[in-house]
Each structure stands twice: as structure tokens, then as C-alpha cells.
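Biologist: I'm new to this one and would like to learn how to read it. Could you walk me through it?

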Amino acid sequence: MTVLENPTTRKVIYALAAATGAALVALGFLDAGVSAQIVAVIGGILGLGVGGLAGTRVEQRPVVDDATAQVIAETVAQHVQAAGGAVSAAQSTVDQVLADVRQRLGR
């Protein structure tokens, strides 16, 4: 386990950075804004270390298993077939309307 993996150690590092920054401001070595920026950078570094640790410890699992994927594929195939039948019926209706319009226009 590295130093940054321990939450207590991270808290101590952050507290020491804040205390050191406050002391340097009190002694006149730093401006309060600069001290706040330094503490923010240290906090960011500690936060990045924690985020990196979490990313390495997450197990990647598939969103769905093979059985669920098969059910989804079958359902989609059924809907595609149903839609194909609806398209054929719509095309037939359009052809009938077109023939009726042509007859009325005398073409």
C-alpha cells in the first residue's frame, strides 16, 4: 500500500500543507492568495492519486451477459420483421391511392 492509499495520511498531508501555508502567510513570506493556490494544488494532487487508485481497483464487467444479448437480438429481429410487413402494407396502400388519383386525372 502506497502512502496516498491511506486516507489518514492524505488528511495529514493536506492539514500540514494548510498549516504551513497559514504560517508562511503569518510570517509574511507568502500572500494569502498564493498560499490558497498552493493548498489547492496539493489537494488536487492528493485527489488525483485517489482517483487513480479507484480506477485501478474497478473490475470491468459486461453490461449484459450473453443470454440477455440474445433476447435483445431476437426482440429486435421480431420488430424489424413486423416493421417490414407494415412497410409492405403501406406501399400497397400508396400504390392503390396513386392508381385512384391517376384514374381520376384521366391518365
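Modeller: Let's go from the whole chain down to single residues. This is a predicted model, where local features need pLDDT of at least 70 and side-chain atom pairs count only at pLDDT 80 or more, while totals for chains, interfaces and linings use all residues. Residues are numbered from 1 along each chain as its sequence is written, and side-chain values use heavy atoms, with hydrogens and water left out.

Biologist: What is the mean pLDDT of the protein chain?

Modeller: pLDDT is the predictor's confidence in each residue, from 0 to 100. Here the chain averages 78, and 82% of its residues reach 70 or more. Helix H1 (residues 7-26) has the highest confidence, with a mean of 83, and H2 the lowest, at 73.

Biologist: What share of the 107 residues counts as buried?

Modeller: Buried means under 20% relative accessible area, exposed means over 50%, and partly exposed is in between (1.4 Å probe, protein chains only). In this chain, 7% of the 107 residues are buried. The accessible area, from the Shrake-Rupley method with a 1.4 Å probe and, for residues, only the protein chains shown as cover, is about 8500 Å² for the chain, with carbon and sulfur atoms supplying 65% of it.

Biologist: Is Ser-35 buried or exposed?

Modeller: Ser-35, in helix H2, has a relative accessible area of 8%, so it counts as buried.

Biologist: Which residues is Ser-35 in contact with, leaving aside its neighbours within four places in sequence?

Modeller: Contact means heavy atoms within 4.5 Å. With those neighbours set aside, Ser-35 touches Gly-21, Ala-22, Val-25 and Leu-30. Its side chain also reaches the backbone oxygen of Gly-21 at 3.4 Å.

Biologist: Which side chains meet in a salt bridge?

Modeller: The rule asks for a side-chain nitrogen of Lys or Arg within 4 Å of a carboxyl oxygen of Asp or Glu. That gives a count of one salt bridge, and it joins Arg-104 and Asp-100 at 3.5 Å, N to O. Both partners sit in helix H3, four residues apart, or about one turn of the helix. Arg-104 has 71% relative accessibility, so it is exposed; Asp-100 has 32%, so it is partly exposed.

Biologist: Which residues make the nonpolar surface patch?

Modeller: A patch takes residues with over 30% relative accessible area and no salt bridge; like charges are joined within 9 Å, and nonpolar side chains (Val, Leu, Ile, Met, Phe, Trp, Tyr) within 5 Å. Here Val-63, Val-64, Ile-72, Val-76 and Val-80 make one of about 480 Å². Val-64 belongs to the loop between H2 and H3 and, at 36% relative accessibility, is partly exposed.

Biologist: How far apart in space are Lys-11 and Leu-46?

Modeller: Compare the gap along the sequence with the C-alpha to C-alpha distance. Lys-11 and Leu-46 are 35 residues apart in sequence and 9.2 Å apart in space. For Pro-7 and Leu-46, the values are 39 residues and 9.8 Å. Lys-11 and Pro-7 both lie in helix H1.

Conventions. Helix = DSSP H or I, 4+ residues; strand = E, 2+ residues; numbered from the N terminus. Polar contact = N/O pair within 3.5 Å; in protein donor to acceptor, adjacent residues only side chain to side chain.
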